[in-house]
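I set out below, in order, what I looked up in this entry. The sequence and the model come first.

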Amino acid sequence: MELEQVSKEKEKVHRGIKRHIKRADSDMTSGSIWRLLITFALPLAAGLLFQQLYNTVDTIVVGKFVGKEALAAVGSTSSIINMLVGLCSGLSMGASVVISQSYGAKDYVRLHDAVHTTILVTIIMSVIATGVGMAIVDPMLTMMSTPDDVFGAAHDYLTIYFAGISGLFIYNMGSAILRAVGDSRRPLYFLIFSAVLNVILDLVFVIVFKMDIAGAAYATIVSQFLSAALVLFVLTRSAGPYAIHCIKGNILKQVLSIGLPSGVQQGLTSFSNVFVQSYVNAFGSDCMAGWSSYNKLDVYALVPAQSIAMASTTFVGQNYGASKLERARQGVKQALIMSISMTIFLCALLLIFRDQLLTLFTNDSLVIQYGSRFIGMIAPFYFCTCFNQTFAGAMRGIGKAKVPMIVMLSSFVVFRQIFLYVGTKLGGGFVLVSLAYPMGWVVCSIAMYVCYKRSALCHPEKAQFAAADTAKDENVEDAIETADE
């Protein structure tokens, strides 16, 4: 099959990646759509649940064994942490789209280059994020109008967390690489291990060693570093081409063009949440602790929307790369149905058992009262997130990450801040602060639906497929398969 025309490097790449594909990955360009989405999304959902355990366990332990001020401190730091984590998540999403499209198009050389580039860029970003994170701790806490009785604990927790944030960055990016080619199980196994370890270390550091909030932070970063080490081990041992030795300029440009808009959107949204937190802080430490407790339950109810949206990004990316637009559209429809059904079910459970669930974090009746009110005002709107998350995931899957960025920044940042400012001036108080998130979700969902209906998925004449050399690479693959036989 004219193997002489195949370079040694390309042949090595194809052989290595084919061996990896046979073991762990999933081709989503054929087979039952709903079954592929479910089997891929379930490990993602479980992974998100265990990932949330990091902060939830921190919250429970410090709330029960340190005090409500420590509980408020841990909860109030989430928006600051998510500013930098959001940038990493966006870049990992960009890498995931490039890799999933290459996988769907069977362009394994481009896939190989994308993996190398992604890992090295992640290491560079980790160093930058560590320095920036530690530098912004005090200014951000001051900007949030953090009360004096909470400031010191929040400062300690954030400083330690940012010092070890590279573990989270590397795990997230490595997991995104594995998920892009259909492997959502091994990242889950690693996360389960580190989440269980985090629980053990939390109890040991806080209760046994009396390290208070610093112990919770140390437990988190140690666990994250171990999950990062495990995912790197897989990426470097599963196949030869995964060694880190260079970056490809064209691949870097593609990853950044998709990933930076998503990262900027998530980072700025989290930054705007700092101001939302300042509105909450104005009600005092009891309300802050109630808000913190609510947020720890809120993230679990949103897991179906997030995990299915991530699955739809990979599904759409692979099928878009394979030029199967109708199949990609069907995947989006089925993903939306699954997401809404699961979210409504979890919302009902949260509303019914909210008081009992809040006692996991504190026994303070005023804190529980505030948390219960937040749940009652916000939870009925959770289903709205299914629309904006699923449509945004589909848009990113075809490489149009700027559209979700613009829509979500307009909805979650600009609209939400205007809503809070105007509402406060009109005397909206607690009710207004509670409705800021749901109103942003509604606006975003409507806008994302309009953008989706105008996209290349619904108008094939607009499609621009990334893999121009697909036919050539498939011929190369056929030649290698023949040689293997």
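I noted the basis of the work. This is a predicted model, in which local features need pLDDT of at least 70 and side-chain atom pairs count only at pLDDT 80 or more, while totals for chains, interfaces and linings use all residues. Residues are numbered from 1 along each chain as its sequence is written, and side-chain values use heavy atoms, with hydrogens and water left out.

I then turned to the cavities (sets of points on a 1 Å grid over the protein atoms alone where a 1.4 Å probe fits but cannot get out; lining residues have an atom within 4 Å of a point). I recorded 2 cavities of 30 Å³ or more. The second largest cavity holds about 60 Å³ of space, a volume being the space filled by probe spheres set on the points. Its lining consists of I119, T122, I123, I170, M173, G174, I177, L232 and L235. Helix 5 (108-143), helix 7 (165-180) and helix 9 (212-237) each give two or more residues to this lining. Helix 7 gives the most, with 4 residues.

Lastly, I looked at the chain as a whole. It has 19 helices and 0 strands (DSSP runs of H or I, at least four residues, and of E, at least two, numbered from the N terminus). Of its 485 residues, 58% count as buried, that is, under 20% relative accessible area with a 1.4 Å probe, protein chains only.

Terms used: Buried < 20%, exposed > 50% of the residue type's maximum accessible area, 1.4 Å probe, protein only. 1 Å grid on protein atoms, 1.4 Å probe; cavity = no way out; pocket = protein on both sides within 12 Å on 5 of 7 lines; lining within 4 Å.
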